[in-house]
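Let's take a walk through this structure together. Keep the sequence at hand and turn the model as you read.

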Amino acid sequence: MASFLDTAASATGQILSTVTRGLLDLVYPPRCLGCSARPESPDLPLCPRCLQSMERAPTMGVAARLDRLPTGQGLFDHALALWVFDKGGTLQSVQHAFKYGNRPRYGAALGRLMGSAYAEEAELPEGVVPIPLHRTRKLERGYNQAQMLAQGVADTLDRPLRDDLLSRPTPTRSQTDLSREERWRNVRDAFAATDEQCAGGHWLLVDDVLTTGSTAVAAGLTLIGAGADAVSLATLALARQ
Ligand SMILES: [Zn+2]
């Protein structure tokens, strides 16, 4: 019953968001969120010039962030964050539009950029795994932003999207106002994975923002615990600290 209701709610949400999207485009034609110019494609939140000027997150910076979590050291075969995230910066507007502003289609386009960057640096995974949201959070928001990104990554890498491998049965409170230690305690037991599906594979986890890395590390450890051979990570953003 619950799953029927979820499906019905999700289908209704999708129809509503398609209608809303059409209306939004009529009232507010897509504009670059950095400079208000016309983007090259309505699926991209930024024009080519603003895309060019985004600050790439250094690989060492991503590794250093993960190393600060005792359980994160050496966990990921490869970890990539595409851009640096500053409070009040262009990427925050992008993330806001994408996460809360009913522009989920930005996700696949941004995911394709992440996929291209990943392909330049690392070995291709067997499948692409979005970091799941808890059911309640997904219903509130209507979609999982990590899944939209993961779809774009999977398309670019020509690898399957495996949103069946990882689930999030335990609800967690928002991480926003928590310290590093609190974030880790909040999320460490949040995920579950299906052993027979994960075993032996190299899985690429996808999420939107890497802050302390707690969520990504908890998800990665869950996949390894279920027998995964290797896990890698790609996020859209690395929060500046
Ligand atoms: Zn622009």
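What follows moves from a pair of packed helices to the nonpolar core and then out to a few loop residues. Please bear in mind that this is a predicted model.

Two packed helices are described by the angle between their axes and the distance between the axes. Here, find helix α5, which covers residues 105-121, and helix α7, which covers residues 145-157. Their axes come within 6 Å and cross at roughly 50°, so α5 is oblique to α7. The crossing of α5 past α7 is right-handed. On the α5 side, the contact includes Gly107, Ala108, Leu110, Gly111, Met114, Gly115 and Tyr118. On the α7 side, the residues taking part include Met148, Leu149, Gly152, Val153 and Thr156. Sorted by class, the contact between α5 and α7 has 11 nonpolar, 8 polar and 2 charged residues.

Val153 also leads us to the next stop. The largest nonpolar core has 61 residues, and Val153 is among those with the most contacts inside it, together with Leu205, Val206, Leu223 and Ala237. So what does Leu223 touch, leaving aside residues up to four places away in sequence? Its partners are Leu165, Leu166, Ala193, Cys198, Trp203, Ala228 and Val231.

Now let's turn to the loops. The phi angle of Asp158 is near 55°, a positive value in a residue other than glycine. Most residues other than glycine have a negative phi. Is Asp158 buried or exposed? With 9 other C-beta atoms within 10 Å, Asp158 counts as exposed, because the cut-off for that class is 12 or fewer.

You will find Ser36 in the loop between α1 (2-27) and α2 (48-53). Its phi is also positive, near 75°. Ser36 is exposed, since 9 other C-beta atoms lie within 10 Å.

The last stop is Asp189, in the loop between α8 (180-187) and β4 (192-193). Asp189 is exposed because it has 12 other C-beta atoms within 10 Å, and 12 or fewer is what that class requires. Where does the chain bring Thr215 relative to Asp189? These two residues are 26 residues apart along the chain, and their C-alpha atoms are separated by 9.9 Å.

Conventions:
Residues are numbered from 1 along each chain as its sequence is written. This is a predicted model: local features need pLDDT of at least 70, side-chain atom pairs count only at pLDDT 80 or more; totals for chains, interfaces and linings use all residues. Axes are lines fitted to C-alpha atoms, for helices over the stretch in contact, and angles run from 0 to 180 degrees between N-to-C directions. Helices (H or I, at least four residues) and strands (E, at least two) are DSSP runs, numbered from the N terminus. Angles under 35 degrees count as roughly parallel, over 145 as roughly antiparallel, 65 to 115 as roughly perpendicular and the rest as oblique. A crossing is left-handed if the near helix is turned anticlockwise from the far one by less than a right angle, and right-handed if clockwise. Two residues are in contact if their C-beta atoms, placed from the backbone, lie within 7 Å. Ala, Val, Leu, Ile, Met, Phe, Trp, Tyr, Cys and Pro count as nonpolar, Asp, Glu, Lys and Arg as charged, and the others, Gly among them, as polar. A nonpolar core is a set of buried Ala, Val, Leu, Ile, Met, Phe, Trp, Tyr and Cys residues joined through C-beta atoms within 7 Å. A residue is buried if 20 or more other C-beta atoms lie within 10 Å of its own, exposed if 12 or fewer, and partly exposed in between; C-beta atoms are placed from the backbone.
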